[in-house]
Amino acid sequence: MGISLFWDRHRAQSPPPVVFAIGQEAAFMPLHFSNSRHTECICSTGVNYDANQKFIMKTPVHESFVPKLACTLLIALQIFVITGCGPEPGKPEQSSIKLGAVLPLTGDSAAWGEQGRWGIQYAVAEANEKGGIGGKKIEVVYEDSQAIPRLAMTAATKLTDIDKVPAIIGDIVSATTLAMAPIAEQKKTVLIGISCSAPAISQAGDFVFRVWPSDNLEGEVAAKWARSKGFQKAALLHIATDYGQGLAAVFKKGFEANGGKVVSIQAYSQDQTDFRSNLARIKSDSPDVVYLISYYKDAALVLRQAQEVGLKTQFLAATAVENDDLLKIAGNAADGLAYPTIVDFDADHPTDAQREFISKFVQLHGKKPDWAATHAYDAAAVILQALQAGARSGEDIRALIDKKREFQGITGTIKFDANGDVIDKPAVMKTVRNGKFVRLEP
Amino acid sequence: MLTQILVMIVTQWALYCLLGLAFSLSFRVGGFFDLSIGAAFLVGGYSTWWAAQNVPLAAAFPIGIAIASLASILVGLWGVAPLASRLPPLSMFVVTLGLLYLVQSLAALKFGESAKVLQSGPNPTFALLSARISFVQLALVAAAVLVTVCLAYILAHSSWGRFARAIADDRSLADLLGVPIQNTLLKTYASGGLIAGIAGSLFVADRALDPAQAMTVLLGAMVAAILGGEAILGAAFGALVLACFDSGLGFVLPGFWKSTVVFCILVAVLAYRGGGLFRFVRRKL
C-alpha cells in the first residue's frame, strides 16, 4: 500500500525518468506508470519494463545480491561443465562428409561408449589420412544416448534433421537401436548397429544393419553349453529390456529343447543396484545354473551379492559382461563365470592385422580395444567403404550394402544377410579365471 | 528364507530411511523439494571412495561424511538458505535440481562414468539365523537407527529442533514470533547434507556408485518422505512401508514392476490420506 501511494505521488508530479523497484510491488510498476511514455522501471524481479510495457533487459536491482550471484555462477558453471568446458575444436568444414554416431558416452554403459568412439575415430582417422572420400574429410557428429531409448531417439532426430547425416553408427545396446530404427526408416538414413543383438532388430527396417550377430546365435550356444555340462535346471535373471527379453526367450527355447528345464525367470529394472531379493528367490528354486543376461555393471553386482546371500551356483552370462569393470567390481566373485562370445576378435589371440590395430590403439588410448571398439570400427568401415564406392545419400548407402553384402573390417569379413544381420561369425566359450577373461577349452 | 527377506527389508529400509529423513528435513522445514540431497549423497559416496584410495578404509568413512557435510554447509550458507527464505518452492526445486546436475557433471568429469566400489569382490558376511548379512549392511542399519534416534532427540529438545518444527508448522507465524528463519534453514540444510553424506558413504561400500545413481535413490527418498506424513520423522515410517513393498515384491513380481506397484500404492495412499500415512507423529515431532 505504501508503495502504491509513492507511485501515486510521482504520477501526479512529472514522472521520473527511471524508477527502481524492489520486492513484489515491482510487478505492478507498468500499471502505475501506464500513462508515462518515458519512465523506465527497473525491477528486482529481473525483468524491466518501460511505461509502454515493453521489456527492457537491464541489470536488475537485487534485494540480496550474493545469493542471486551465486545462483547465476552456478548456472554458468553448470553450462560450462555440461558443454565440455568450451567450444569443441575443429568446427565443421563445408568440404567434409558428415556421419552420425550414437553411443552411450555417459551412464552405466559409458565404458563401451568410450571404446566404441575410439573404434570409430580410428577408422575415420585411417580414411582421412588416405585423403578422405573423394577429397573430402570425414567428420563424425557424436551424440550420447546413455543407453536410454528416449535419448537415443532425440539424438537420431537431431542427426537426421539438423546435421543431415546419411548414416548413423550405433548404438551399442539393442533398446536404443530399436528406438532409433523407425526414425532411420522415415528419414531414409542408414542405421548400422555396433553390438545390438536383440532378435527384433532383424525386422527393424530396410535401413537398419548391424555388425553383431543376433542373439538367436548367442542364446543357442549358451543353452547348448549349459546342457553339455549336465545342468538340468536353469534360472534366468535378465535385464528388462528388448535385449534381455529377447535373449531370455532364445535361451529358454534352446535349453528346454535340449531336455533342460527353466525353473525361474526374474527380470530386473535397468537402474536396479540391489539384486538380493531376486537372488534369494533364485536360491529358493535351487537351479543348477543361473543364466545372467545383463551388462557388466549389473553382472558384477549380481555376482558380488550372490556370494553375500550364499548362492553358490554356476553362473553363465551373456557376452555383454566382458569388460574390465566387471573384474574390478566383482573381484574374485567373478571367477568361474562362463559366457559365449560370438566374435572373431580376441585381444589375447589376435590375427596379424588385428595385432597392428591393437598396438596403435594402446598407444593412442592406453587401453586394449574390446569388442565394442572393434565392432564400432567395423560399423564405421562398412559406411566408409560404401562412401568410397560413391554412395552419398542414405538410400545410396543402403542400396550399396544390399548389393555388395561383403565388407572388410578389423574382425575379418563382414557378411550381411537379407535382413541386414551379420552372418558367419564363429562362437567360443570364455570364462573368468584368476581375474582374467580366458577361453574355455572345448 | 523368511529371515533373508526380513534382512533385505531392514537393509533397504535403512537406505530409504537415511535419504528420506534428509529429504524430509528440507521438504517439511524449508517447504521445497530439495533435489540437492542427491548431490550430498554423491559427494559423500565419491569422497569416501576417493579417501579410500589414500587412507585406510576405516578413516575413509569419516572423511567422506565430513566432506559431504562441509560441502552442504558451504552451499547452504552461500546459496540454498538465503534463497530458501525468499524464493517460492518451485524456484527452489529448480535451484536444487541445478545443484544436483552440477555435482553429477563434476563427478563424471573428475571420476569418470564407470561405477565405483570401495573394494573389489563381495563384502564379508556373517550368518544371522538362516540368513546372511554383510557387515556393511549392518553398519547401514545401525547408522539409520542412530540417525533416527538422534534426530528425534534433537528435534524434540534443542532450540534448532523447536525452531525447525515451528517453521514446519507455520512459517509466517514463526517469522512473526522472531524465529531465525535463515539460520534455522541453514542448519536444517546442513543436517540433511550430513545424513545424505552418510547414506552415500555406506552406499558406495555396499553396492556401486555412479553419477546417475543419485536420481534413482532420491526417488525412493521422496516417496518415503511423502508416505511418512507431515512429521519430519515420518520418513522413517514411510521408508519401512516402501522397503516392505520394494524388497518383498522382488519375490512375487518381476523387478521392473516394483516401481510401478510402489507408485500405485503411493497414489492410493495419498488419495485416501492426503497428508501421508502417519499424521499422528506430527503431534510429537
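In helix α9 of chain B, G220(B), V223(B), A224(B), A225(B), I226(B) and L227(B) meet A235(B), G238(B), A239(B), V241(B) and L242(B) of α10(B). Two residues are in contact here if their C-beta atoms, placed from the backbone, lie within 7 Å. Helices (H or I, at least four residues) and strands (E, at least two) are DSSP runs, numbered from the N terminus. The model is predicted: local features need pLDDT of at least 70, side-chain atom pairs count only at pLDDT 80 or more, and totals for chains, interfaces and linings use all residues. Residues are numbered from 1 along each chain as its sequence is written, and chains are lettered from A and ligands numbered from 1 in the order in which they are written.

α9(B) spans residues 213–227 and α10(B) spans residues 234–248. The two helices pack at an angle of about 115°, with their axes 7 Å apart. Axes are lines fitted to C-alpha atoms, for helices over the stretch in contact, and angles run from 0 to 180 degrees between N-to-C directions. The crossing of α9(B) and α10(B) is right-handed. A crossing is right-handed if the near helix is turned clockwise from the far one by less than a right angle, and left-handed if anticlockwise. By class, this contact of α9(B) with α10(B) has 9 nonpolar, 2 polar and no charged residues. Ala, Val, Leu, Ile, Met, Phe, Trp, Tyr, Cys and Pro count as nonpolar, Asp, Glu, Lys and Arg as charged, and the others, Gly among them, as polar.

Angles of 65 to 115 degrees count as roughly perpendicular, under 35 as roughly parallel, over 145 as roughly antiparallel and the rest as oblique. W160(B), F163(B), A164(B) and I167(B) of α6(B) touch I181(B), T184(B), K187(B) and T188(B) of α8(B). These residues divide into 5 nonpolar, 2 polar and 1 charged.

Chain B also touches chain A. The contact takes 42 residues from chain B and 45 residues from chain A. On the chain B side, α4(B) gives the most, with 9 residues. By class, the side of chain B that touches chain A has 21 nonpolar, 17 polar and 4 charged residues.

Chain A is divided into domain 1 (1–86), domain 2 (96–213 + 369–421) and domain 3 (216–329). These bounds come from an automatic or database domain assignment. The centres of domain 2 and domain 3 of chain A, taken over C-alpha atoms, are 29 Å apart. Their contact takes 14 residues from domain 2 and 13 residues from domain 3. Helix α6(A) (174–187) supplies the largest share of the domain 2 side, 3 residues.

α6(A) also packs against α5(A) (149–161), with axes that come within 8 Å and cross at roughly 30°. The two helices are therefore roughly parallel. Their crossing is right-handed. The contact of α5(A) with α6(A) has 9 nonpolar, 3 polar and 1 charged residues.

Chain A also holds an open sheet of 3 strands, in the order β15-β16-β17, with antiparallel pairing. Strands pair if DSSP finds at least two bridges between them. β15(A) (406–409) and β17(A) (422–423) stand at the edges, each with a single partner strand, so one side of each is left without a neighbour in the sheet. β15(A) and β16(A) (412–416) pair over 4 bridges. F407(A) has I414(A) in β16(A) as its bridge partner. Helix α13(A) (371–388) packs on the sheet and touches β15(A) and β16(A).
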